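Biologist: Could you walk me through this one before I set anything up? I would like to hear about the packing, the charged pairs and the sheets.

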Amino acid sequence: MIHSLQFRLLAAFTLVILVTIGAVFFFINQATQAEIRRFEERAEEIRAGRMELELSVYYSRQGDWKGIQPFVEQWGSLYGQRIIVADANGMVVADSQGNLLSKPYPPDSSGRPLSSLREASAIGTLYISPGLSSGAEFASSLSITYKAIGRFFLWGGLLAIALALLITFLVSRRILAPVKALTVTARRLGQGDFSQRVQCEEKGELGELTGTFNSMASDLERAERLQRNMVADVAHELRTPLSNIRGYLEAVRDGVIKPDVDTIRSLDEEAALLSRLVDDLQELSLAEAGALKLNHQIEDIHNVIKQTVAMKQTQAAAKGLFISIELPDKLPLVNIDSQRISQVLRNLLENAIAHTENGGTIMVTAEKQDNWVKVSVTDTGEGIPAEELPNIFERFYRVDKSRTRATGGSGLGLTIAKSLVEAHGGKIEVQSEIGKGSRFIFTVPASPT
Ligand code: ADP
């Protein structure tokens, strides 16, 4: 629960809200405090100014301070401040608390001088004691404000947290739904059910993740199917030469045929076919597992092509064919395992010879293409039907199913060629038109120098 993503999201959001509310509360308090203080000071100033004016009017009308005491007492209790008025000689004529009356009040700088309205002469001084009552008043008005703000923030904060939690819960449930689906599907895949896919309408990262996951599941399903087919195919391919061998042996045992040179040659051919098949299978499994050790070297592709073609020229001649080579003068050096690339070329040449009738032509070309050298083997043979083209690199795939295995090969040649080319980082492809011929093209990496 504590480790669940949803819980963490909820906790993170709650924390963010608490911090935000705390910070806003703090700053608002600071601002309010300063504002209230300013407001109090202004109000005090206005009050003092008004008292000053009223005292001046009083004195100007009456000519002395007699009878002022009740007014000052009233102001004192009204404003909650101590108010003292001294005459021009520094004697107290009014004190809101009464006990300084008729006593001298040493003038100090806090007093506000009062002047007569008519003669503009000094008539006394007004003292308003600050602090005492106004401080308490200030504190109490502050605490009231704090409480109001605090209440506002408490309820507002609780409401915000509740809302945020609800939204986070709903949103995170929606976001996490594909993650949960991925987990369930991954578990089923792990249990061997490769048909499982995740349904997800999401776009963005999660959509991309689901897409990648689904394509991985498809790859796994395909790999599993291929592996299953592979075992079935291998069993099937081995069965024919084995039953042929057993057939010969039984016939010899039963005296149906004699164990002469011909019989032994036939047995040898079947055994050779078997051993070629096993070699091819081993090679293919190494190449497909990426375990094939490539002996990369900087080579002149010219030489590799010439030597390989020379090897196959006799076989071609036996069918009345000639393999021509057409290469540009300048070709970059290539970085390849020449044995393996020669094996690819040999295989393509063997196929071309096998599928081209007497009088046809076979041509090998090479050209530079970006950082690659593109090699092609073109024949004017029977061609491959368009619908078969996507399959011919599949293992054990033969276009002509009726062709005997002895003449048709193991059906692994192109699969191995493809693995070898891909092990070099290159690509192999085919273009073909039925009745006109085929062209196999593969790329090998040019050397960087
Ligand atoms: P095989 O051992 O049967 O030659 P490959 O994997 O080399 O197996 O080739 C697969 C199939 O592709 C062949 O059986 C053949 O039908 C077809 N094929 C390959 N090369 C050619 C070609 N040059 N012309 C026509 N068909 C070809």
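Predicted model: local features only at pLDDT ≥ 70, side-chain atom pairs only at ≥ 80, totals over all residues.

Biologist: Okay, helices to begin with: at what angle do helix 6 and helix 7 pack?

Modeller: Helix 6, which covers residues 301–317, packs against helix 7, residues 338–354, at an angle of about 35°, and their axes are 9 Å apart. The crossing of the two helices is right-handed.

Biologist: And which residues of helix 6 and helix 7 meet there?

Modeller: From helix 6 the contact includes Ile301, Val304, Ile305, Val309 and Lys312, and from helix 7 it includes Ile341, Leu345, Leu349, Glu350 and Ile353. Sorted by class, the contact between helix 6 and helix 7 has 10 nonpolar, 4 polar and 3 charged residues.

Biologist: What does Lys312 form with Glu350?

Modeller: Lys312 and Glu350 form a salt bridge, with the closest N and O atoms 2.8 Å apart. Because Lys312 lies in helix 6 and Glu350 in helix 7, the pair ties together parts of the chain that are 38 residues apart in sequence.

Biologist: Is Lys312 buried or exposed?

Modeller: Lys312 is buried, with a relative accessible area of 10%, whereas Glu350 is partly exposed at 32%.

Biologist: Switching to the whole structure, how many salt bridges does a search find?

Modeller: The search finds 16 salt bridges. One of them joins Arg82 to Asp95, where the closest N and O atoms are 2.7 Å apart. Arg82 sits in the loop between helix 2 (69–79) and strand 1 (83–87), while Asp95 belongs to strand 2 (residues 92–95), and the two are 13 residues apart. Asp95 is buried, its relative accessible area being 0%.

Biologist: Which residue does Glu221 meet in a salt bridge?

Modeller: The side chain of Glu221 meets that of Arg197, at 2.7 Å from N to O. Glu221 is in helix 4 (residues 204–253) and Arg197 is in the loop between helix 3 (132–190) and helix 4, so this pair ties together parts 24 residues apart in sequence. Glu221 is partly exposed, at 27% relative accessible area, and Arg197 also counts as partly exposed, at 26%. Elsewhere, Glu45, Glu52 and Arg112 are linked in a network of salt bridges.

Biologist: Now the strands: what order does the open sheet of 4 strands have?

Modeller: The order is 2-1-4-3, with antiparallel pairing. Strand 2 and strand 3 (112–115) stand at the edges with a single partner strand each, so one side of each is left without a neighbour in the sheet. The twist averages 25° from one strand to the next.

Biologist: Which helix lies across strand 1 and strand 2?

Modeller: That is helix 2, which runs at about 40° to strand 2. At the other edge of the sheet, strand 3 pairs with strand 4 (residues 122–128) in the antiparallel sense over 4 bridges, and Pro113 has Thr125 in strand 4 as its bridge partner.

Conventions
Residues numbered from 1 in each chain as written. Heavy atoms only, no water. Axes fitted to C-alpha atoms, helices over the stretch in contact; angles between N-to-C directions. Left-handed = near helix turned anticlockwise from the far one by under 90°. Contact = heavy atoms within 4.5 Å. Nonpolar A, V, L, I, M, F, W, Y, C, P; charged D, E, K, R; others polar. Salt bridge = Lys/Arg side-chain N within 4 Å of Asp/Glu carboxyl O. Buried < 20%, exposed > 50% of the residue type's maximum accessible area, 1.4 Å probe, protein only. Pairing = 2+ DSSP bridges.
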